[in-house]
Amino acid sequence: MKQPILHENLPIIEVADPLILDDMYADPNTARYLLARLGPTFSIVAPGELDPLLARLLKLGHTPKILEH
Amino acid sequence: MPCYFDDDLPYVSADKLKPMSKIWGGESKMRKEECIACIANGLKDPQKVQAAISRLEPWERNALALVKLMGGVIPSATLKIGILVSGLHPSGLSNDQGDIPNLLFRRGLILVTGSYSPDSISDSYGYNKLFYSDERLLAQVGQPEYLPLEIQPAPARGEIHYRRTPEVALDMMGMLQSIQNMGGLKLTKNGLVRINDEIKLRKAMRWSEKGMDMDGLLFPKPAQAWLNAFSYSDMLQKTADDQLILKELPEQFAKHSFDAQIRLLLEGFLRIRTWWEVPDKHNNFDQDGMGRIQGRMALTMALRALPIDHEAVYSLTDFEKALYSRVGEDFALDYPPLRPYFYRYDNTTQRKQELLDWQQQTRTDWLKQEYPWLVGAFTTWLYFLGLVELFVDNGKPTGFRLTDIGRAVFHPGFVTVSQAEIHLPTPDQPAWVVQPNFDIIAYLDRVTPLQLAFLENCAERTESHKHTAHYRLTRENIYRGLESGTSIEEIIATLQTGSQANLSQNILVELHEWASLRERTILHRKANLMEFPTPGALQDALSQGLSGTVIAERFLLLNSPPPTGDWTTINYAKTLPLNLTITETGLIHWKPGFHDLITASQLSQWADTTDNDGWQLTRESVTNALKPGRKITELLALLNNRIIPNQPVNKYALPAPSIPPLLELALRSWAGNEYPIELETVIILRCSQELVFRAILGSSLLRPFLKGYQNPDLLFVIPEQLESLREKLNWLGWKVSDNLHVIPLKSNRLDG
């Protein structure tokens, strides 16, 4: 890779504490919607799976903020 | 649908054009082209249009107003009913009002649409004909006029029931918020709201399946009624993925004046085709719903034609009689009554008797069929929308009076109360009380529609009564409020303004805590992420003005739209490029070049990574991936979408599959699908000639040596009997070869 790559319209989850993301990966029903972990507090969400992930997180008691970008 | 007459005029016959042109100053001597030019010129000039409309008779103006009311196009039967209900008729007509469209056509006010002949106004099949009027005429016509109904106020009987405007507003906000909370309503292939969503709405509104009880009055199938009313009132819009969503958020809808809200919903109710005001009505009755549309239009026009007397109470039977006197002999919910044609008798007395018999039968039918429906309209949408007060005696409505909002809607020119009086809270008293235990008691007399919309969005309604509604502040509801774009500061300020007091400390602390929880997890729906080859390259880009959040040294989450530049773009909203290869043994590799950020993770869920930047699908890796509930079709879809397909053998051959068929069967098999096959070592006697095959199969001499057969030419020999069989075949004089002739396998490019 020599040039930068712009990844457009990529669904991402961002958390305030890495432990929150650890818990999500530990729950198989949440982890199925998560792909690569970009850093301690960022993960890529499977395209088209953001709404099922949101439903799962609400069920687990999270109240995620949703940003369009 | 055409909006101007100009295109249709050449298709109107010359003799019909002459009377049409008179209103525009045309003369009987004019030729066809001159008539067309005269009409077209008249319509082009707004002043001439205004003058022409002023010269029309009141009933003719009413006809144009009705066409306008129906959106520019009107079925002939609806036009006729509308004219009859208004009480303003063409003079000199007989009982049969069938000439109305013809008179309007001769005046140049309507043409037929949806037909090759825009002038074929009168014919025996004209009942459902569609008429339209020129847009330029409709633009200058006002509201319909009415001859007051012949009805006198009557003493009221029974208890008075009415719905106060705050109650109505509460229900409307509740329904809109429920639809909003459901994220819209999914549609079936036929364009109807899916039954599951109807059930969800019903449950959210706590309505029973059979109907809703409003002060002892039954409103059948309310979810169906309201969903239809919202759809027809243009408050819902269809999305590309076949969902119905709100055009305006509840809080935006609440900003309209209350009578404007009610007018909008009333229009929706008038156009419903499928719902019935009375329970258990058979679907085949008034199948297309046109009878109900005409009936509701006639009913609301009759309410508009009530004498202007704000205190007057009318008996329902008197109202029904007054309405019947205007349309009863021309309207029915299913098929309109047909007058006798008088062909059976020559004698005038007999004819009169026949007419009398018909009138009595029509009246009997109306009382049996249309009257109960009319009462149903009063006890359902007219009552629910707060348009009428009802007098109820022993559970049956006996009379009614228009409410303030009813008069604002039906007699807008004669409203004696101001809009503010119709519904606005008292400013010096609190709209609600917020208790330290998170309960809110809202006083419906004092709460504004906007405040109601706020409560419905940010709190959970637990119960409602005539004068109060009870809510509870919950984390879920506050979250919903925040997600709808309201800040926690605005929520607190609105709660404090409504209660005219500071909120208790524990509530403030908890609300702030709920808001901060939301900030701990953020979902970026369509993020723009820049990936750099090295951390240094990222730092260079930052120093050149690119801004965002740095992730893991090489990634930058952009906080503004991506600038243009010299980089490769991968758009995850589109189909990703085909960049994988796969072997029959399940070994997957990247195509050389740049890689996206999701494929590797997606494949790692299903396959083991290999040393050389690839993946290996195995029975174990696939079964492990299936355990959390994934489906094998997800893997097959992923592979089919990303694997470079094999080239077809030649240009005439079908495209080769992306996944090798043997591997696909293996994947399906690992997922639990069964493909039974059999394997056994056998001795085959192959008879290439059918004659020989059949002879051996039918021979009792050779049967003891054989285990079985398979068409068309294979016999299976019992191993222990091989030599005995060979002896018998030799005795028969047949030459037995020791080798089978088989088709050799060619090399296959799918082989790993």
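Visitor: Does B:Arg206 count as buried or exposed?

Guide: B:Arg206 has 11 C-beta neighbours inside 10 Å, so it counts as exposed. The cut-off for exposed is 12 or fewer. Keep in mind that this is a predicted model.

Visitor: Where in chain B is B:Arg206 found?

Guide: B:Arg206 sits in the loop that links α9 (195-204) to β6 (211-214) of chain B.

Visitor: What about the phi of B:Arg206?

Guide: Start with the general idea. Most residues other than glycine have a negative phi, and most peptide bonds are trans. B:Arg206 is not a glycine, yet its phi is positive, about 60°. B:Asn394 is another non-glycine residue with a positive phi, about 55°. B:Asn394 is placed in the loop between β11 (388-393) and β12 (396-402) of chain B. With 8 C-beta neighbours inside 10 Å, B:Asn394 counts as exposed.

Visitor: Which peptide bond is cis, with omega near 5°?

Guide: The bond from B:Asn711 to B:Pro712 is cis, with omega near 5°. B:Pro712 belongs to the loop between β26 (706-710) and β27 (714-717) of chain B.

Visitor: How should I read a pair of packed helices?

Guide: Two packed helices are described by the angle between their axes and the distance between the axes. Take helix α4 (residues 58-69) and helix α5 (residues 76-86), both of chain B: they pack at an angle of about 130°, with axes 10 Å apart. That angle makes α4(B) oblique to α5(B). The crossing of α4(B) past α5(B) is right-handed.

Visitor: Which residues make the contact of α4(B) with α5(B)?

Guide: From α4(B) come B:Trp59, B:Asn62, B:Ala63 and B:Leu66, and from α5(B) come B:Leu79, B:Gly82, B:Ile83 and B:Ser86. By class, the residues of this contact are five nonpolar, three polar and no charged.

Visitor: Now the strands. How do I read a sheet?

Guide: Strands of a sheet pair through backbone hydrogen bonds, either parallel or antiparallel. In chain B, four strands form an open sheet in the order β13-β14-β16-β15, with antiparallel pairing. At the edges stand β13 (432-434) and β15 (460-464) of chain B, each pairing on one side only. From one strand to the next, the twist averages 20°.

Visitor: How many bridges join β13(B) to β14(B)?

Guide: Three bridges join β13(B) to strand β14 (residues 439-443) of chain B, and the two run antiparallel. In that pair, B:Trp432 has B:Ala442 of β14(B) as its bridge partner.

Visitor: How many residues lie between β15(B) and β16(B) in their hairpin?

Guide: Three residues lie between the two strands of that hairpin, β15(B) and β16(B). Four bridges pair β15(B) with strand β16 (residues 468-472) of chain B in the antiparallel sense. One partner of β16(B), B:His470, is bridged to B:Glu463.

Visitor: Which residues does B:Pro220 contact, leaving aside its neighbours within four places in sequence?

Guide: Its contacts are B:Gly211, B:Trp276, B:Val278 and B:Pro279. B:Pro220 lies in strand β7 (residues 217-220) of chain B. The C-alpha atoms of B:Pro220 and B:Glu277 are separated by 6.7 Å, although 57 residues lie along the chain from one to the other. B:Pro220 has 18 C-beta neighbours inside 10 Å, so it counts as partly exposed.

Visitor: What does chain A contain in helices and strands?

Guide: Chain A has three helices and four strands. Along the sequence they follow the pattern β-α-α-β-β-α-β. Chain A has 69 residues, of which 39% count as buried. Taken along the principal axes, its C-alpha atoms fill a box of roughly 40 × 20 × 20 Å.

Visitor: Which strand of chain A is joined to β17(B)?

Guide: Strand β1 (residues 5-15) of chain A is joined to β17(B) by eight bridges, and the strands run antiparallel. A:Ile5, for one, stands opposite B:Glu531 in β17(B).

Notes:
Residues numbered from 1 in each chain as written. Chains lettered and ligands numbered in written order. Predicted model: local features only at pLDDT ≥ 70, side-chain atom pairs only at ≥ 80, totals over all residues. Pairing = 2+ DSSP bridges. Buried ≥ 20, exposed ≤ 12 C-beta atoms within 10 Å, placed from the backbone. Axes fitted to C-alpha atoms, helices over the stretch in contact; angles between N-to-C directions. Parallel < 35°, antiparallel > 145°, perpendicular 65-115°, else oblique. Left-handed = near helix turned anticlockwise from the far one by under 90°. Contact = placed C-beta atoms within 7 Å. Nonpolar A, V, L, I, M, F, W, Y, C, P; charged D, E, K, R; others polar.
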